[in-house]
Amino acid sequence: MAVRAGGCFCEAWAGNSIEHMRVVYVKPNETLRLNGALGPLQEMGVTGILTMTMAADGAGARLSWTYRVVGPGQDLSQLAPLVDQVIGQQFARLVKYAETGSPN
């Protein structure tokens, strides 16, 4: 992913491809914001904003994520726990990668 406005968080495999999100804001070492609907939300016509914030914390850093999703006429309450679980798993993989050099 190109970490600049307009950069694509995309994936390609076996002749398939998907655009997950686009970068809309970058403040190096502080904030990264992406726009897009992840997973099953993509076909629902909703808008999602994922904001990642970073701050120094002693000898390390503190990273937090917020994903806000809205859409006209959409009741997203039933999907929210599943989306939160998937994002939580990805966040855990990122932390493990930062700590060990491997996401697994």
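**Figure 1. Antiparallel pairing of strand 4 and strand 5 in the predicted model.** Strand 4 and strand 5 pair in the antiparallel sense over 11 bridges; two strands are taken to pair if DSSP finds at least two bridges between them. Strands (E, at least two residues) and helices (H or I, at least four) are DSSP runs numbered from the N terminus. L50 stands opposite Y67 in strand 5. The hairpin of these strands has 2 residues between them, and G58 takes a positive phi near 65° there. This is a predicted model, in which local features need pLDDT of at least 70 and side-chain atom pairs count only at pLDDT 80 or more, while totals for chains, interfaces and linings use all residues. Residues are numbered from 1 along each chain as its sequence is written, and side-chain values use heavy atoms, with hydrogens and water left out.

**Figure 2. Strand 3 beside strand 4, with T31.** Antiparallel pairing over 5 bridges joins strand 3 to strand 4. R33 stands opposite T51 in strand 4. T31 is found in strand 3 and, at 14% relative accessibility, counts as buried. Buried means under 20% relative accessible area, exposed over 50%, and partly exposed in between (1.4 Å probe, protein chains only). Not counting residues up to four places away in sequence, T31 touches Y25, V26, T51, M52, T53 and M54, a contact being heavy atoms within 4.5 Å.

**Figure 3. N16 in strand 2.** N16 is found in strand 2. Because its relative accessibility is 39%, N16 counts as partly exposed. N16 and R4 are 12 residues apart in sequence, and their C-alpha atoms are 24 Å apart in space.

**Figure 4. The largest pocket and its lining.** The largest pocket has a volume of about 1,000 Å³. Its lining comprises 32 residues, of which F9, M52, W65, Q90 and L94 lie nearest the centre. Two or more lining residues come from each of strand 1 (8–13), strand 2 (16–27), strand 3 (31–35), strand 4 (47–57), strand 5 (60–70) and helix 1 (80–100). Helix 1 gives the largest share, 11 residues. By class, the lining divides into 24 nonpolar, 4 polar and 4 charged residues. Ala, Val, Leu, Ile, Met, Phe, Trp, Tyr, Cys and Pro count as nonpolar, Asp, Glu, Lys and Arg as charged, and the others, Gly among them, as polar. On a 1 Å grid over the protein atoms alone, a pocket is an open set of points where a 1.4 Å probe fits, with protein on both sides within 12 Å along at least five of seven lines; lining residues have an atom within 4 Å of a point. Grid points are joined across faces, edges and corners, and a volume is the space filled by probe spheres set on the points.

**Figure 5. The second largest pocket.** About 220 Å³ of space lies in the second largest pocket. Residues L41, L50, W65, T66, Y67, V69, L76, L79, A80, V83, D84 and I87 form its lining. Strand 5 and helix 1 each supply at least two of the lining residues. The lining divides into 10 nonpolar residues, 1 polar and 1 charged.

**Figure 6. Overall context of the close-up views.** The protein has 1 helix and 5 strands, which run β-β-β-β-β-α from the N terminus on. Along its principal axes the C-alpha trace spans about 45 × 35 × 30 Å. Of the 104 residues, 20% are buried.
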